[in-house]
Amino acid sequence: MLIKTNREIPSSEITPESVYVSRRKFMGQSASAAVLAGIAGSAYGLPENFVSEQGFAKGEPIGEKITPEEYATRYNNFYEFGTGKEDPSKKAHVLTTEPWSLEVGGRVGKPGKIELEDVLKDIDLEERIYRLRCVEAWSMVVPWIGFPVKKLLERFEPLGDAKYVKFTTLYRPKEMPGIRSIFSSVDFPYVEGLRLDEANHPLAIFSIGMYGKVLPNQNGAPFRLVVPWKYGFKSIKSIVKIELTEREPRTTWNKSAPHEYGFYANVNPNVDHPRWSQAQERRLPTTIFGRKIETRMFNGYDEVASLYEGMNLKRKY
Ligand SMILES: Nc1nc2c(c(=O)[nH]1)N[C@H]1C(S)=C(S)[C@@H](COP(=O)(O)O)O[C@H]1N2
Ligand SMILES: [Mo]
């Protein structure tokens, strides 16, 4: 579903049922990434501004305004660099993101290590405009660049008994001051998880870029998850390890405060966080005095509802 709308239209005049996801394949064939990989001085095989260089305008027509890049890249959660919203943009530049290898193991037929550059050589990248809503009730609309999670997992041949996927972030205290800090409230390495069928849903992507460029470090370079129907903390950044498991993995936020952060963490206006309501959100850019908008079930991505049929989402929060 791809509807062209005038980006100048204020979001208030657009029906909420209009497009909330749009996709664009900006690289025609799988060979295109390999072609780009030849460009010298580029990040993991891709040049800076690679979308623009491919001749595509930034941003896709969408029923909601795209959050200005400076907000999406300066107001972040990335506890490895500190707990303040501006810590990641101030401190994450020291992170070395090249080379970057990924380890994939657990219940797969072909476990192994793969260089990110090699992953990108034969995968089609797409731009997807997704809302991301933080559990702290702010949200943003970002043009992500990436590819479906399923595309990577299938290469490693998941076994029949694999039910969950566990993702782990890089643990490198030398470059991550938040790990060294005594004030951190969570354990490292940061771990997240999805049920395998959630990970395989076409809306779940690995992202390597945003706003037409490779990901800034503060947004999870070089390689992060984006699961648009779940609270932001599920979208784990700077992933180095992926394991398929039979059992539900223990996750960072669930371990640190189990009754505040469940494993599922689906955006759900009907289930409050124990300390605040989840019925509304503030769209960046905004202030605490800014206008609130209604939060939608599954962040508006209704097509995932069938994944949870028959489940009590108040208990499985
Ligand atoms: N490794 C890691 N991933 C993380 C986090 C983190 O602290 N560490 N924070 C999460 C939270 S709470 C949110 S809301 C999103 C924020 O993504 P953004 O900074 O790109 O907006 O990243 C998620 N991924
Ligand atoms: Mo968050």
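## Who surrounds the ligand

Let's start with the shell around ligand 1: its residues split into eight nonpolar, six polar and three charged. That shell has 17 residues in total, and the closest are Asn76, Tyr79, Met140, Arg224 and Lys237. Keep in mind as you look around that this is a predicted model.

## Polar contacts

Arg224, one of the closest residues, puts a polar side-chain atom 2.6 Å from an oxygen atom of ligand 1. Glu80 also uses its side chain, with a polar atom 2.8 Å from a nitrogen atom of the ligand. With Asn77 it's the backbone: a polar atom there is 3.3 Å from a nitrogen atom of ligand 1.

How much of ligand 1 does the protein cover? On its own, the ligand has 540 Å² of accessible area, and the protein covers 99% of that. As for its place in the protein, ligand 1 sits in the second largest pocket.

The chain has a mean pLDDT of 83, with 79% of its residues at 70 or more. Two stretches call for some care. Over residues 1-42, pLDDT stays under 50, and the model gives this stretch 91 contacts beyond four places in sequence. Residues 47-62 also stay under 50, with 55 such contacts.

Note on methods: Residues are numbered from 1 along each chain as its sequence is written. Chains are lettered from A and ligands numbered from 1 in the order in which they are written. This is a predicted model: local features need pLDDT of at least 70, side-chain atom pairs count only at pLDDT 80 or more; totals for chains, interfaces and linings use all residues. Side-chain values use heavy atoms; hydrogens and water are left out. A residue is near a molecule or strand if one of its heavy atoms lies within 4 Å of it. A polar contact is a pair of N or O atoms within 3.5 Å; within protein, one must be able to donate a hydrogen and the other to accept it, and residues adjacent in sequence count only if both atoms are side-chain atoms. Accessible areas come from the Shrake-Rupley method with a 1.4 Å probe; for residues, only the protein chains shown count as cover. On a 1 Å grid over the protein atoms alone, a cavity is a set of points where a 1.4 Å probe fits but cannot get out, and a pocket is an open set with protein on both sides within 12 Å along at least five of seven lines; lining residues have an atom within 4 Å of a point. A molecule sits in a cavity or pocket if more than half of its atoms lie within 2 Å of its grid points. Ala, Val, Leu, Ile, Met, Phe, Trp, Tyr, Cys and Pro count as nonpolar, Asp, Glu, Lys and Arg as charged, and the others, Gly among them, as polar. pLDDT is the predictor's confidence in each residue, from 0 to 100. Contact means heavy atoms within 4.5 Å.
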